[in-house]
Amino acid sequence: MPGGQARSVPPRELARDPENWPEATIPDHPQARVVQAIASALTRHMTSQGLGLRRVAALSGVNRQAVTNLLVGSSWPDVATLSRLEDGLGIGLYPGVSGPGSRHC
């Protein structure tokens with residue numbers, strides 16, 4: 001999904017059951033499923049480490065509202081945001097990546 005008007009719809013609204021985000025079913029939108037997987041991974045990490053929004057923001061340099069928007073599926077995170085979150089938290093959030101700096105070959 002290369003941007004433009006298609007990105008005006010939040011990822012969670014592309015789900016069959018948006019109220020269940022990030023566990024919602026997204027049948028026909030692979031890009032929204034990537035955002036969903038990132039939100040799920042971030043949620044799991046925050047829960048397991050006892051991190052709140054302020055701590056995630058402080059560690060990553062991503063403002064709290066951007067983190068919230070990602071977690072609730074109301075925005076399409078950009079590469080810079082994802083990179084800062086991964087580097088700041090020391091984890092891979094993008095599906096299939098085990099940690100910051102991992103390479104796909």
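What do the buried residues of α4 pack against?

Modeller: Quick caveat before the answer: this is a predicted model, where local features need pLDDT of at least 70 and side-chain atom pairs count only at pLDDT 80 or more, while totals for chains, interfaces and linings use all residues. Numbering runs from 1 along each chain as its sequence is written, and side-chain values use heavy atoms, with hydrogens and water left out.

The partners are α1 (30-49), α2 (53-60) and α3 (64-72). For context, the protein chain has 4 helices and 0 strands, in the order α-α-α-α. Helices here are DSSP runs of H or I with at least four residues, strands are runs of E with at least two, and both are numbered from the N terminus.

Now α4 itself, residues 79-89: its buried residues are Thr81, Leu82, Leu85, Glu86 and Leu89. They sit on the same side of α4, because they cover an arc of only 125 degrees around the axis. That arc is taken over the directions from the helix axis to the C-beta atoms. Buried means under 20% relative accessible area, exposed means over 50%, and partly exposed is in between (1.4 Å probe, protein chains only). On the face turned away from the buried side you'll find the exposed Val79 and Asp87.

Leucine 85 counts as buried because its relative accessibility is 0%. Setting aside residues up to four places away in sequence, leucine 85 touches Leu42, Val56, Ser60, Val62, Val67, Leu70, Gly90 and Leu93, where contact means heavy atoms within 4.5 Å. Its C-alpha is 8.4 Å from that of alanine 57, which is 28 residues apart from leucine 85 along the chain.

The axes of α2 and α4 are 8 Å apart, at an angle of about 95 degrees. So α2 is roughly perpendicular to α4. The axes are lines fitted to C-alpha atoms, for helices over the stretch in contact, with angles running from 0 to 180 degrees between N-to-C directions. Under 35 degrees counts as roughly parallel, over 145 as roughly antiparallel, 65 to 115 as roughly perpendicular and the rest as oblique. At the crossing, Val56, Leu59 and Ser60 from α2 meet Arg84, Leu85, Gly88 and Leu89 from α4.

Within α2, the buried residues are Val56, Ala57 and Ser60. They line one face of the helix, since they fall within an arc of 100 degrees seen down the axis of α2. The face turned away from them has the exposed Arg54 and Ala58. What covers the buried residues of α2 includes α1, α3 and α4.

Beyond its neighbours within four places in sequence, serine 60 is in contact with Arg84, Leu85 and Gly88. A polar atom of the serine 60 side chain also lies 3.1 Å from the backbone nitrogen of valine 62. A polar contact here is a pair of N or O atoms within 3.5 Å; within protein, one must be able to donate a hydrogen and the other to accept it, and residues adjacent in sequence count only if both atoms are side-chain atoms. Between those two residues, just after α2, glycine 61 has a positive phi of about 80 degrees.

Then there's α3, where Val67, Leu70 and Leu71 are buried. Seen down the axis of α3, these fall within an arc of 100 degrees, so they line one face. They pack against α1, α2 and α4. At the start of α3, a side-chain oxygen of asparagine 63 comes within 2.9 Å of the backbone nitrogen of glutamine 65. After α3 comes glycine 73, with a positive phi near 75 degrees.

One figure for the whole chain: buried residues make up 38% of the 105 residues.
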